[in-house]
Structure formats: structure tokens, C-alpha cells
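Biologist: I have a structure open and would like to learn how to read it. Could you take me through it, one feature at a time?

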Amino acid sequence: MTRPGKLLRAKLEISAGEYAPLAANPYRGCGHACAYCYVPGVLKVKRTEFDKGATPRPDFIKHLTRDAKKYQQAGIAEQVMLSFTTDPYHPGETSLTRETLQVLRDHGLGFCTLTKGGTRALRDLDLFRPDRAAFASTLTSLDDAFSQKWERGAALPGDRLQALRRFHHAGIFTWVSLEPTLDTESSLEIVRRVHEYVDLVKIGRVNYLPMAKTTDWKSYTEQMVELCSELGLQHYVTHDLQPYLPSGYHNPLRVPQHHGSAVQVA
Ligand code: SF4
């Protein structure tokens, strides 16, 4: 069996493994300029440089194709996450994102895009297959001013909701990342708003910002799991909040993120 290539392993982000075992990051930098973004620190680049905008990684498609071939030969067909260290639908030129999705498809891999780019992603809707792909968005608030304060280059919340609805209506598995949680009431409100057109929420907290110390994370976790249970919404509570879960709470790390049974999720 061919040894899988390194490019697709999701090891650059501390908590990446909770989101997906495989990832592709076609760009350096990200124009969304989220104030809470920890990627510059992980990659050891200046935040001002990172926030200037995304630029394609040199020879990305060449390396991706080489790795995807190895995965295909190894019989690996899992979903690849785009992206952890950039955003696949950042405000700049994103044709490389489409090329990346095409390479993954051509080599039998599924994919999931996680983005704050909202309806920019609709351009690639035709590449998403209900039995292999997922579309996800990070949401921290439904309030435009709040979002512009924390995610000044990202699509506004309403635009992200619109994208989720469009993918959902096209039969694609959708999910929302509630990480970071900057304001617990805002995150609870997001769940109440989106539950009819998302299949899963991933619930996290924030670290290293002042609200990390002043928030009652136990209460938040309890409220969130109660709400999701009431709504019948599939949810995953990330590692940092797991100590606050009721004893024995069913919290599977990996659930199939597609509508179909063609691919086994590791
Ligand atoms: S969208 Fe993601 S990668 Fe881009 S600045 Fe925001 S947190 Fe960082």
C-alpha cells in the first residue's frame, strides 16, 4: 500500500483533528482578518502580513495531485477539509479553491469547505455531491456590527446563512462551527435560527481573550446541549467543553458529514 502524502494531513492546527483528519490549505494568509484568529501564531507569521490577504501556495495543485494519487492508491476516500489555516472563500481570487475541489473529486476523495465567505461559495455548488461533500460555516453572531468588529473582512452573518440554506436546499450536508464562542447568548441564538437547515453544529469556546475567564462555560455547555436535544439537532461538543458535559453524554467525534452511505467515516 502506498504511503499517503503529507500535504493533506490536518496537523497544523491544534484542534484540527476534532474537525477532520485530512485538510488542504491552498493559500497563505487570509483576508478575513478575524481579530481572534490564532493561525498567524501557529504559523509564526506576523498578523499584519497574514491579514493582508491570501496568496496561492506555490505549486499547490502539483503537490496536491501527487498526494491525492497516493491516497487514491491507498484506497482512502475520506473527506478533506478546506481549510484550517486560511479560508477557501476569502475575499480575494479563489479559483485555486475550485481547482482543489476538482482534484479531490477526480481522485475519489470527498471534501468539506468551512468558510466565512458566505455566498461566494455558491460558485462551486456544482462540484458538491450529496453523498460525499459537506458545506460548513463559522458563525459567532447574527449581528452585523458584532461580526464587523470581530471578522471585519468576512461575509456578514445573513450572507452566511443564505449560503447554508442554498447548500441545504441543494441536498448537501451542512454544518455550523460555533467556535470561537465570543458571546454565549449569540451562539444559542444562532442554533435557534439555523437548526432547520443545518445537519450538525460543532460547539466550542474561546481561549486567550478576556471573555474566556468571565464566561460560565459549564452553564453554556448545559444550555447548548439541552437546546440541541430539544431541537433534535446533531451536535458535537469540542474538547475544551467536554468536562462540562453530563456524565456519559453521547458525543461522537466523527459522524458522517454527507447524505449517503457510500463512504465510511473513520
Ligand atoms: S477566516 Fe479563519 S483563517 Fe481567516 S482570518 Fe478568520 S479565523 Fe483566520
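Modeller: Let's start with strand β4, which is mostly covered: 6 of its 6 residues are buried. This is a predicted model, in which local features need pLDDT of at least 70, side-chain atom pairs count only at pLDDT 80 or more, and totals for chains, interfaces and linings use all residues. Residues are numbered from 1 along each chain as its sequence is written.

Biologist: What do "buried" and "strand" stand for here?

Modeller: A residue is buried if 20 or more other C-beta atoms lie within 10 Å of its own, exposed if 12 or fewer, and partly exposed in between, with C-beta atoms placed from the backbone. Strands (E, at least two residues) and helices (H or I, at least four) are DSSP runs, numbered from the N terminus.

Biologist: Which residues of β4 lie on one side and which on the other?

Modeller: G110, C112 and L114 are on one side, while F111, T113 and T115 are on the other, and both faces are covered.

Biologist: How do I read the pairing of β4 with β5?

Modeller: Two strands pair if DSSP finds at least two bridges between them. Here β4 and β5 (residues 133-138) are parallel and share 5 bridges, with T113 opposite F135 of β5. Strand β4 (residues 110-115) also runs parallel to β3, joined by 4 bridges, and there T113 faces L82.

Biologist: Where do the side chains of β3 point?

Modeller: In β3 (residues 79-82), Q79 and M81 point one way and V80 and L82 the other, and all are buried.

Biologist: What unit do β3, α5 and β4 make?

Modeller: A crossover is right-handed if, with the strands pointing away from the viewer, the path from the first strand over the helix to the second runs clockwise. β3, helix α5 (residues 95-106) and β4 form a right-handed β-α-β unit.

Biologist: Which residues surround the ligand?

Modeller: A residue counts as near a molecule if its C-beta atom, placed from the backbone, lies within 6 Å of it. Around the ligand are C30, H32, A33, C34, C37, V39, T86, D87 and K116.

Biologist: And how many helices and strands does the protein chain have?

Modeller: The protein chain has 10 helices and 8 strands, and buried residues make up 40% of its 266 residues.
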